[in-house]
Amino acid sequence: MSKSLKRVRAALENAGLTPDIREVEQARTAQEAADSVGCALDQIAKSIIFRAGDSDEAVLFLTAGGNRVCTQKATALAGTPLGKADAALIRAQTGFAIGGVSPLGHLSPIRAWIDPRLLEFDLVWAAAGTPRHVFAIEARRLPGLVGAIPADFVA
């Protein structure tokens, strides 16, 4: 088991949850993940990472699979210009590779916001630290576990 997957499993267990982690053929995109587990596209919680312009720290926006982050709205929420986070920043601050970024189990604390659309579902799925692993979680639990603030930041 990869170190990334172990961190996600440990984060779920430390929260008192029994992890429902599944290995799938491919889950690099929200559509691939949805097809793999048989759920609606919007039940996939995408972890979108930006670079904060004032600190070079990663910031996280969890959005429903069919939604896109509006950079202007996200920048207003973050209170700093946001730029593209490269693979090195994402790996260094979250411990995950692009395509497998989990909303939890990060190496460093991260400021985070969550798309209210995700909270409309009983169950959502998110990357479990690798491009081939996803986990299910009750949507209402996700903001507290991640420290994410519900907000409108979608295009």
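What percentage of the 155 residues of the chain count as buried? I started my notebook with that one, and the answer is 50%. A reminder to myself before going on: this is a predicted model.

**Overall build**

I looked up the secondary structure next. The chain has five helices and eight strands. Reading from the N terminus, I noted the order α-β-α-β-β-α-β-α-β-β-β-α-β.

Then I turned to dimensions. Along the principal axes, the C-alpha atoms fill a box of roughly 35 × 30 × 30 Å. I also checked the radius of gyration, which is 14 Å; this agrees with a compact globule, because 155 residues packed that way would give a value near 15 Å.

How much of the contact count comes from residues 24 or more positions apart? Taking contacts in the chain with a separation of 6 or more, I found that 64% belong to such pairs.

**Surface and charge**

The accessible surface of the chain came out at about 7500 Å². Carbon and sulfur atoms hold 50% of that area.

**Cysteines**

I searched for disulfides and found zero in the structure. Is C39 buried or exposed? C39 counts as buried, because its relative accessibility is 17% and the cut-off for buried is under 20%. C70 also has 17% relative accessibility, so C70 counts as buried too.

**S4**

My next stop was S4, which sits in helix α1, residues 3–14. S4 has a relative accessibility of 10%, so S4 counts as buried.

Which residues does S4 touch, leaving aside those up to four places away in sequence? I listed R91, G95, F96, A128 and G129.

**D56**

I finished with a backbone check. D56 is not a glycine, yet its phi is positive, near 60 degrees. Where is D56 placed? I found D56 in the loop between β2 (44–52) and β3 (58–64).

Definitions and conventions: Residues are numbered from 1 along each chain as its sequence is written. This is a predicted model: local features need pLDDT of at least 70, side-chain atom pairs count only at pLDDT 80 or more; totals for chains, interfaces and linings use all residues. Side-chain values use heavy atoms; hydrogens and water are left out. A disulfide is a pair of cysteine sulfur atoms within 2.5 Å. Buried means under 20% relative accessible area, exposed over 50%, partly exposed in between (1.4 Å probe, protein chains only). Helices (H or I, at least four residues) and strands (E, at least two) are DSSP runs, numbered from the N terminus. The radius of gyration is taken over C-alpha atoms; the globule rule is 2.2 Å times the number of residues to the power 0.38. Contact means heavy atoms within 4.5 Å. Accessible areas come from the Shrake-Rupley method with a 1.4 Å probe; for residues, only the protein chains shown count as cover.
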